[in-house]
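These notes are meant for a colleague who is opening this entry for the first time. Please keep the sequence and the 3D view side by side while going through the numbered points.

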Amino acid sequence: MDLGLVGRANAGKTALFALVTGADAEIAPYPFTTREPARAMADVPDPRLQAIADAQDIPRRVPAQVQLVDIAGLAAGAGQGEGLGGAALGQLRQADALLHVVRAFANAEVPHPEERVDPVADAEAVDLELAIADREQVERRLDKVRKGARAGEKGAVAELPALERIAEALDAGRPARLVGDDDALAIALDMGLLTAKPVLYIANTDDQLEPPEGLAAHAAAQGAQALALPVGTELELAGMDPEEAAEFAREMELGETRGADAVVAGAYRLLDLVTFFTGSGPPEARAWPITRGTAAAQAAGKIHSDLERGFIRAEVVGWEDLVAAGSWSRAREAATLRMEGKDYIVQEGDVIQVRFNV
Ligand SMILES: Nc1nc2c(ncn2[C@@H]2O[C@H](COP(=O)(O)OP(=O)(O)O)[C@@H](O)[C@H]2O)c(=O)[nH]1
Ligand SMILES: [Mg+2]
């Protein structure tokens, strides 16, 4: 699952990328230090995984992961200070969701394209740029599909009204994710339209833990959510030894969980995945992301193709019942563990052991 970073130059995209993935990245107050898209994985924090493993003394815990993509800046548009452009945006079409980093920190040493800090205006500028790129892409597709529809091609005839609705939404200043009907949204996502993707706004603050006034409202109007993260401070904390960092976080009243975890957890929720677990005993408990509505046999195939091919049945228990029971055998005794067949739709938080034969 790919999360693409967007935002104006010097908003702190690369800093967030480094914070969340722990990857070395060049963070500098010059636009366009990022040339090739950088990619790195981040673990998705999940207290359920820890609880499942703790309850059964399972040493190895393998969290779900997401990939962050920090796109290359472009020379074109640099004068306007947008820090994004056609080709760079193209690198985001594959992303499953976007993280939109918005500058809300003051630091005068870090140049701002317009020499002011205005989170809502910045967010609007980037969103407009995304919408323009989408609109151009829709227009190109419309040209093709209109021709096809005139020639009586079935697919084109079916697609045309949906495409027109997407164009209407964009022309009215609405992102494609708010087009309002499922057919059109599916087409928009399939085309990789940027404004169709789920997005999480991240206000890069000095130390505030709430997004600035107006940004949450802007996010809501875009069919999205916003959170705040003092990326600079969090990066400093990440560089300290854990005890020192904990002390510092207490003094700064930054809360117990580190903010980067909240970003990854929030982004993961955006993807609207279902998480199931394996971990019926040592040595390993693991979280597995699947699309909503996946049947047990296909879910087993995520673990290993043999498990799908030779699927007999799945033993399934809700993670809370397993934790309460303390072990797989006690969950069976307590009758909270049940047998499910290959067509069972895997539910959020299921812990699964697959019986198979190949
Ligand atoms: N004071 C402060 N500076 C930051 C923060 N986040 C990033 N910066 C600085 O802003 C500059 C640009 O950050 P960078 O992550 O490269 O921005 P990008 O262009 O969006 O990738 C760097 O000098 C960072 O150190 C922050 O939260 N607070
Ligand atoms: Mg950067």
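1. A charge is said to sit over a ring if NZ of Lys or CZ of Arg is within 6 Å of the ring centre and within 35 degrees of the ring normal. In this model, which is a predicted one, that description applies to Arg286, whose charged end sits over the ring of Trp288 at 4.1 Å from the ring's centre.

2. Trp288, which is found in strand β9, also takes part in the one aromatic pair that the structure holds. Its partner is Phe276, and because the two ring centres are 6.3 Å apart while the planes meet at 15 degrees, the pair is stacked; the cut-off that matters for this reading is that planes under 30 degrees apart count as stacked. Since Phe276 lies in strand β8 (residues 273–278) and Trp288 in strand β9, the pair ties together parts that are 12 residues apart in sequence.

3. Are the two members of this pair buried or exposed? Phe276 has a relative accessibility of 0% and therefore counts as buried, and Trp288, with a relative accessible area of 10%, is buried as well. The term is used for residues under 20% relative accessible area.

4. Gly22 itself belongs to the loop between α1 (13–21) and β2 (38–43), and with 61% relative accessibility it counts as exposed.

5. The second largest pocket has a volume of about 300 Å³. Of the 15 residues that line this pocket, Thr278, Gly279, Ser280, Glu284 and Ile303 are the closest to its centre. The elements that contribute two or more residues to the lining are β9 (284–291) and β12 (350–356), and β12 provides the largest share, which amounts to four residues. By residue class, the lining of the second largest pocket divides into eight nonpolar, five polar and two charged residues.

6. Helix α4, which covers residues 119–150, has 32 residues and reaches 46 Å from its first C-alpha to its last, a span close to the 46 Å expected at 1.5 Å a residue. Lys147 is found in this helix and is exposed, with a relative accessible area of 56%. The C-alpha atom of Lys147 is separated by 56 Å from that of Gln50, although the two residues are 97 residues apart along the chain. Just after α4, Gly152 takes a positive phi of about 80 degrees.

7. Which residues other than glycine have a positive phi? Asn10 is one of them, with a phi of about 65 degrees, and Ala335 is another, with phi near 60 degrees. Asn10 is found in the loop between β1 (2–6) and α1, where its relative accessibility of 14% makes it count as buried. Ala335, by contrast, is exposed, with a relative accessible area of 59%, and its place is in the loop between α14 (328–333) and β11 (338–340).

8. A last point concerns helix α14, in which Arg332 lies. At 39% relative accessibility, Arg332 counts as partly exposed, the term that applies in between the limits of 20% for buried and 50% for exposed. The C-alpha atoms of Arg332 and Leu322, which are 10 residues apart along the chain, are separated by 9.2 Å.

Notes: Residues are numbered from 1 along each chain as its sequence is written. Chains are lettered from A and ligands numbered from 1 in the order in which they are written. This is a predicted model: local features need pLDDT of at least 70, side-chain atom pairs count only at pLDDT 80 or more; totals for chains, interfaces and linings use all residues. Side-chain values use heavy atoms; hydrogens and water are left out. The expected span of a helix is 1.5 Å times one less than its number of residues. On a 1 Å grid over the protein atoms alone, a cavity is a set of points where a 1.4 Å probe fits but cannot get out, and a pocket is an open set with protein on both sides within 12 Å along at least five of seven lines; lining residues have an atom within 4 Å of a point. Grid points are joined across faces, edges and corners, and a volume is the space filled by probe spheres set on the points. Ala, Val, Leu, Ile, Met, Phe, Trp, Tyr, Cys and Pro count as nonpolar, Asp, Glu, Lys and Arg as charged, and the others, Gly among them, as polar. Rings of Phe, Tyr and Trp (its six-membered ring) pair if their centres lie within 6.5 Å; planes under 30 degrees apart count as stacked, over 60 as edge-to-face and the rest as tilted. Buried means under 20% relative accessible area, exposed over 50%, partly exposed in between (1.4 Å probe, protein chains only).
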